[in-house]
Amino acid sequence: MRRESVSHRGFIDADLNDEEGVSFSSGKSKLCFFCLERPAIECRRENAHEPDELRSFMFPKMADYCRQQQEAAIVKRLSSLAQQAILFEISLSPKPGLVDKFSNGSHSDMNYQTFINSTAAISPWFAELVQQGYSYYDSDLTKALPLIRNIGLRMESAMYEATQNINTQKGIIFLMGLSLFACGKLFSQTDQFAIEDFRNIIRGVCKDLVKNELTNESKSVKSHGEDIFHQYGLGGARAEAESGLATVFDFGLPLLAGVAELNDEDAMKCFLSVTANNNDTNILYRSNPGVLENFKELCKKALADFNDQSYSAVIDFCQSEKISPGGSADLLAVTIFVRSVIKTYGKFGSEDIKP
Ligand SMILES: [Zn+2]
């Protein structure tokens, strides 16, 4: 039996000197990391172990250590990028119908501070989502969904606690949760971010999601999402996820592809490109398909000729119709996140982004 309880183990023996060149020691005898039976200094002096044996013992351990360090750095970085993307979206001002720094938009039960509190409450779980992806080895990706949802439910509880029971971020918890998981899974296999691989992981996790969760006719009490699906056949965030975030990649990201430093104007244009093409179920829930079509048309116009006036027209429309494109806001946050991940770990070359 090897003794595992000794905390000081020698792997590499180095003599340390102080500023005057006088050698000093920790005074602790270190156990040989290989045999874990005798002091390392004895094994070394007696050449107790074969060099080849030592090499094949230590190299995998060193590789493992480096992998762990790399994983920890990536988990930290991705968590930070997710938080930054969400905060950027919340802070983008002004925004049509949505809560921003200066207005509550079409909302009476939440403000900027509610979103700051909510974001602070859910952020501690970002790392766990990435780690979940890192440690997921099952070839059947659909089995990952309950694991991601389990973390998501804990995030929702934290959100409700921080907002006094207001749903501020259920949508982004779902979409960012999937994105962080997919990044973790991807980076467990490669150190470069590739869009199609990322999308395929999300598609795999969310395979048949709309069919499985929104087409259940027998349920008497339906969620907002189920209601909208039955009325209009639109799958909202679930359909977006099942498509591998089609709106993000087809309409959001191309608007940010050439942007060196993210700024409000480019983020607004990106948002308009998303809203002009997204059948936002948050809008439908508060209105009807006619209003949604008019909203999309107005966004399209504002994007084609972007200026204060055209952007204000979209804001005014949301105010008068009392609508809020919350689903599109989530997609903007995810777009900003993906852009940051590509900037950090991938390339914005022609292979990845087709404007
Ligand atoms: Zn030894």
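# Notebook: a walk through a predicted model

Residues are numbered from 1 along each chain as its sequence is written, and side-chain values use heavy atoms, with hydrogens and water left out.

**Entry 1**

Contact here means heavy atoms within 4.5 Å. Where pLDDT is low, the predicted coordinates should not be read in detail.

**Entry 1: H3 against H5**

Helices (H or I, at least four residues) and strands (E, at least two) are DSSP runs, numbered from the N terminus. I picked helix H3 (residues 112-122) and helix H5 (residues 144-163), whose axes come within 8 Å and cross at roughly 145°. The axes are lines fitted to C-alpha atoms, for helices over the stretch in contact, and angles run from 0 to 180 degrees between N-to-C directions. The crossing of H3 past H5 is right-handed. For handedness, I ask how the near helix is turned from the far one: anticlockwise by less than a right angle is left-handed, clockwise is right-handed.

Which residues of H3 and H5 meet? From H3 I listed Thr114, Asn117, Ser118, Ala121 and Ile122; from H5, Met155, Ala158, Met159, Ala162 and Thr163. By class, this contact has 6 nonpolar, 4 polar and no charged residues. (Ala, Val, Leu, Ile, Met, Phe, Trp, Tyr, Cys and Pro count as nonpolar, Asp, Glu, Lys and Arg as charged, and the others, Gly among them, as polar.)

**Entry 2: rings**

I found that the structure holds 8 aromatic pairs. Rings of Phe, Tyr and Trp (its six-membered ring) pair if their centres lie within 6.5 Å; planes under 30 degrees apart count as stacked, over 60 as edge-to-face and the rest as tilted. Tyr136 and Phe181 make an edge-to-face pair, 5.7 Å centre to centre with 70° between the planes. Tyr136 sits in the loop between helix H4 (126-134) and H5, and Phe181 in helix H6 (residues 170-187), so their pair ties together parts 45 residues apart in sequence.

Are these two buried or exposed? Tyr136 is buried, with a relative accessible area of 6%, and Phe181 is buried at 1%. Buried means under 20% relative accessible area, exposed over 50%, partly exposed in between (1.4 Å probe, protein chains only).

I also noted a cluster linked by ring pairs: Phe187, Phe193, Phe198, Phe249 and Tyr345.

**Entry 3: Tyr134**

Tyr134 is in helix H4 and is buried, at 8% relative accessible area. Leaving aside neighbours within four places in sequence, I got Glu71, Ile74, Val75, Gly184, Lys185, Phe187 and Ser188 as contacts of Tyr134.

**Entry 4: H7 and H11**

In H7 (195-205), the buried residues are Ile195, Phe198, Arg199, Ile201, Ile202, Gly204 and Val205. They pack against H5, H6, helix H10 (236-242), helix H11 (246-256) and H16.

H11 is mostly covered, with 8 of its 11 residues buried. Among them are Phe249, Gly252 and Leu253. Its buried residues pack against H7, H10, helix H12 (264-277) and H16.

Most residues other than glycine have a negative phi, and most peptide bonds are trans. I went looking for exceptions.

- Ser93 and Pro94 are joined by a cis peptide bond, with omega about -5°; Pro94 is in the loop between helix H2 (51-91) and H3.
- Asp208 has a positive phi, near 60°. I placed Asp208 in the loop between H7 and helix H8 (209-214), partly exposed at 28% relative accessible area.
- Lys322 has a positive phi too, near 55°. Lys322 is in the loop between helix H15 (308-321) and helix H16 (326-345) and counts as exposed at 58% relative accessibility.

How values were computed: Predicted model: local features only at pLDDT ≥ 70, side-chain atom pairs only at ≥ 80, totals over all residues.
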